[in-house]
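Subject: Structure handover

Hello,

Here is the structure for you to look at. My notes follow below it.

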Amino acid sequence: MGWRAPNAPLQTTANPVSGMEAPGLDGRTQVAPGVATSGTLRTGSFTLGALLTAFLLIVTALSYLPVLTLGPILEHLKSGI
């Protein structure tokens with residue numbers, strides 16, 4: 001970066017990668033806010049409820065199943081049989 005005077009203006013540089021501009025910075029709106037498109041998942045739909053429930057079940061299972069599986073294995077090894 002280097003040294004600069006305390007009151008010197010900051011220098012900005014152009015984006016080195018062409019085509020990587022942030023969307024919306026050119027002043028054009030691509031989709032109006034609040035408009036549903038084909039990629040929109042409505043929050044009051046059965047699909048969202050089913051996906052959320054499935055996600056929670058999978059995360060819970062991944063949290064508890066390793067412990068429930070290793071418990072009896074460790075008990076068996078601990079007993080020395």
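A patch here joins residues with over 30% relative accessible area and no salt bridge: like charges within 9 Å, nonpolar side chains (Val, Leu, Ile, Met, Phe, Trp, Tyr) within 5 Å. Areas use the Shrake-Rupley method with a 1.4 Å probe. A salt bridge puts a Lys or Arg side-chain nitrogen within 4 Å of an Asp or Glu carboxyl oxygen.

This is a predicted model: local features need pLDDT of at least 70, side-chain atom pairs 80 or more, while totals use all residues. Numbering starts from 1 along each chain, and side-chain values use heavy atoms, without hydrogens or water.

Now the findings. Helix α1 covers residues 46-79. A kink of about 30° lies at Tyr64, shortly before Pro66 (the angle between axes fitted to the seven residues ending there and the seven starting there). Gly80 follows α1, with a positive phi near 80°.

Leu52, Phe55, Leu56 and Val59 form a nonpolar surface patch of about 390 Å² accessible area together. Leu56 sits in α1.

Best wishes

Technical notes
Helix = DSSP H or I, 4+ residues; strand = E, 2+ residues; numbered from the N terminus.
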